[in-house]
Amino acid sequence: MDDVIRRAQEGDADALAALWRDYQHLLLRYFRAKGMPEPDDLASTVWIEVATGLTRFEGTEHDFRRWLFTIAARRRIDDIRSLKRREQRNETPPPRLVDTSAPSAGDEADRERALDRALELVASLPAAQREAVTLRIIADLGISEVAAIMGRREGTVRVLVHRGLKRLSDQVDVTDRTTRTMSSP
């Protein structure tokens, strides 16, 4: 992967496309988990920034992943600020386009529903736990990388992730018990 990053830095469009294929789904999951209304748009702004700043990037694949999600976290904050400014001016945001494409198969639809449910559960966590779990589990970043992005100590991030995952586990257990009780004759 380090070779792909180097080729992308040299202007190889295929290498940049390979980076996009490897990381786009993680960016979208991150933005969905954070409850962002336009995850595709935000991911596009991240990739524009990556493409324009890639020549200045130095580091390994691990560093690239941290850099990518640092950009994503900043663009998310910018988007939230922009939305708040619009709300303060009583402007209505542009209408959201509805994706009308049908899933290619029932399995794909089931996976999407499961992913949406998982992201919904993550979104129900307190803000700090949600951020830590999203970066650590969904974005698959290391503890030190999450700590750097969040501006927290590694021990604090470990505790936030642990408590967030415990809370999610408890929520899933309650949902399972409720579902079994409701479906019992």
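A residue is termed buried when its relative accessible area is under 20% (1.4 Å probe, protein chains only). The exercises below concern a predicted model.

**Exercise 1.** Determine how many aromatic pairs the structure holds, and classify the pair formed by Tyr 30 and Phe 31.

*Solution.* The structure holds 6 aromatic pairs. For Tyr 30 and Phe 31, the ring centres lie 5.4 Å apart and the planes form an angle of 55°. Planes under 30 degrees apart count as stacked and those over 60 as edge-to-face, with the rest tilted; the Tyr 30 and Phe 31 pair is tilted. Both Tyr 30 and Phe 31 are buried. Elsewhere, a cluster is built by ring pairs that link Tyr 23, Phe 57, Phe 64 and Trp 67.

**Exercise 2.** Decide whether Trp 47 is buried or exposed, and describe its surroundings.

*Solution.* Trp 47 is located in helix H3, which spans residues 39-53. Because its relative accessibility is 9%, Trp 47 counts as buried. Leaving out residues up to four places away in sequence, Trp 47 touches several residues, among them Trp 20, Tyr 23, Leu 27 and Leu 68. The C-alpha atoms of Trp 47 and Leu 27 are 9.8 Å apart, and these residues are separated by 20 positions along the chain.

**Exercise 3.** Identify which residues touch the most other members of the largest nonpolar core, and which helix gives the most to this core.

*Solution.* The largest nonpolar core has 38 residues, and Leu 19, Phe 64, Leu 68 and Phe 69 touch the most other members. Helices supplying at least two residues each include H1 (2-9), H2 (13-33) and H8 (154-183). H2 gives the most, with 9 residues.

Note on methods. Residues are numbered from 1 along each chain as its sequence is written. This is a predicted model: local features need pLDDT of at least 70, side-chain atom pairs count only at pLDDT 80 or more; totals for chains, interfaces and linings use all residues. Side-chain values use heavy atoms; hydrogens and water are left out. Rings of Phe, Tyr and Trp (its six-membered ring) pair if their centres lie within 6.5 Å; planes under 30 degrees apart count as stacked, over 60 as edge-to-face and the rest as tilted. Buried means under 20% relative accessible area, exposed over 50%, partly exposed in between (1.4 Å probe, protein chains only). Helices (H or I, at least four residues) and strands (E, at least two) are DSSP runs, numbered from the N terminus. Contact means heavy atoms within 4.5 Å. A nonpolar core is a set of buried Ala, Val, Leu, Ile, Met, Phe, Trp, Tyr and Cys residues joined through side-chain atoms within 4.5 Å.
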